[in-house]
Amino acid sequence: MYILYNFFVGLAEFLLPIIAIFKPRLKLFVEGRKEVFNKLKAEIGQNDRVIWFHAASLGEFEQAVPVIEMVKAEMPNRKVLVTFFSPSGYENKKKHPLADVITYLPMDSPRKVKKFLKIVAPELVFFVKYEIWPNYLKELRKQKIRNFLISGVFRENQVFFKSYGGWMRKSLQTFEHFFVQNKTSEALLKNHNFDNVSISGDTRFDRVSRQIEYNNKLAFVEEFLQGKLCIVAGSTWPEDEDLLIDYINSAAEKVKFIIAPHEIKEEKIQELQKKLKKTSVRYTENHQDLAGFDVLIIDTIGLLGKIYSYADVAYVGGAAGNSGLHNILEPATFGIPIVIGPNFSKFPEAIKLQQLAGLFSVATAQEASSVFQKLIDDKAFRRKTGMISGHFINSNTGATAAIRNYLFDKND
């Protein structure tokens, strides 16, 4: 199976540049990797001591952030390298100030893995959630480089736990320690003789819990709201917007809406505005009288975390279709009720928050209108639900401290 895996990695390396000609998104994936080794050689010197973090995309990077901050505080003389698998992660975070070097991850072929590790020579390695690459792990083990999985999640249907997955399960032996999010992941690993595992939780809780301590003031939002109730719809896709439109168009004047689409594309935003009967304005229009509009569309990135601080209710996109639920923890940290679409079975934090009654799932526009109406009209209900969300965040922090204790206090 290992030989077959390497064959398909090699085949992918050959075919992807051809397919990328016809697929713009894939072009970024291919083109972005062409200069990786040159960039690494230019930015990492032979005497640099490197800590390497690998994240698949944006969500995994957010999980890495508190651990990166902790490691930098404990080991200030190290250089931090962050690699991404996906273009959406790299293109959005390629200039993030927290890391010293940010690149794509070269393909998991034996040759490129050895070349990568020869240049980087990392002292410690952190893989996030379920980024597990057999050749990287094999070479890390061979070179006796300490490596860890943080915020790990394992499910029974993954290849590691299948009868034919022994070769992939062997890759897991490389990890010095698994810091996992839940009991299910811990049990699966221990049932397969991995005792080097502990439940630390999800580091995203540590990440979002700090947002409330920052300066979240946005003058343009205050000018737009004028003290009215606010529903923020974050990271929405067209399927999410279809659930929201009826309520937005029929909502009372006491409610205003801020919509931050996941994809900032001109044609998509124009389609959204055509569906709106309420007056709408885009953030980049720099309109002089924001107070005169009912809907503010955020057509830029980097503001959503602060905008959630103004919300009385938040709708988080991704679960109305199949694109994947976006981060519900960002708004929850501000102690507000959360509404999402129906497809969230792979998101344990959403399942748990729904069980606690801090989150509502809606499958139709009628259901969405009913939930929003209840939350807006019943102030006591809205506050109680929001308190559940805030407590959910506060009671689940501490994953980063668990990792720190293992790495540093253990050896004191």
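View 1. Asp 377 is partly exposed, its relative accessible area being 47%, where buried stands for under 20% relative accessible area, exposed for over 50% and partly exposed for values in between (1.4 Å probe, protein chains only). The model shown here and in the other views is predicted, so local features need pLDDT of at least 70 and side-chain atom pairs count only at pLDDT 80 or more, whereas totals for chains, interfaces and linings use all residues. Residues are numbered from 1 along each chain as its sequence is written, and side-chain values use heavy atoms, with hydrogens and water left out. Asp 377 forms a salt bridge with Lys 254, with 3.5 Å between the closest N and O atoms; a salt bridge is defined as a side-chain nitrogen of Lys or Arg within 4 Å of a carboxyl oxygen of Asp or Glu. This pair links distant parts of the chain, 123 residues apart, with Asp 377 in helix H17 (residues 365-377) and Lys 254 in the loop between helix H12 (238-250) and strand E9 (255-261). Helices (H or I, at least four residues) and strands (E, at least two) are DSSP runs, numbered from the N terminus. Lys 254 is partly exposed, at 39% relative accessibility.

**View 2. The contact of helix H17 with helix H18.** The axes of H17 and helix H18 (residues 379-394) come within 5 Å and cross at roughly 100°, the axes being lines fitted to C-alpha atoms, for helices over the stretch in contact, with angles running from 0 to 180 degrees between N-to-C directions. H17 and H18 are therefore roughly perpendicular to each other, given that angles under 35 degrees count as roughly parallel, over 145 as roughly antiparallel, 65 to 115 as roughly perpendicular and the rest as oblique. On the H17 side, Lys 374, Leu 375, Ile 376 and Asp 377 meet Lys 379, Phe 381, Arg 382 and Thr 385 of H18, where contact means heavy atoms within 4.5 Å.

**View 3. The contact of helix H1 with helix H7.** Helix H1 (residues 2-19) packs against helix H7 (residues 134-142) at an angle of about 120°, their axes lying 11 Å apart, and the two are therefore oblique to each other. Tyr 2, Tyr 5 and Asn 6 of H1 make the contact with Pro 134, Asn 135 and Lys 138 of H7.

**View 4. The salt bridge between Lys 79 and Asp 48.** The side chains of Lys 79 and Asp 48 meet in a salt bridge of 3.0 Å, N to O. Lys 79 lies in strand E2 (residues 79-84) and Asp 48 in the loop between helix H3 (36-43) and strand E1 (50-55), so the pair ties together parts that are 31 residues apart in sequence. Lys 79 is partly exposed, with a relative accessible area of 21%, and Asp 48 is also partly exposed, at 29%.

**View 5. The largest nonpolar core around Leu 40.** The largest nonpolar core has 66 residues, of which Leu 40, Trp 52, Phe 53, Phe 126, Phe 127, Phe 154 and Phe 178 touch the most other members; such a core is a set of buried Ala, Val, Leu, Ile, Met, Phe, Trp, Tyr and Cys residues joined through side-chain atoms within 4.5 Å. Helix H4 (residues 58-74) supplies the largest share of this core, seven residues. Not counting residues up to four places away in sequence, Leu 40 touches Leu 81, Val 101, Thr 103, Phe 116, Ile 119 and Val 120.
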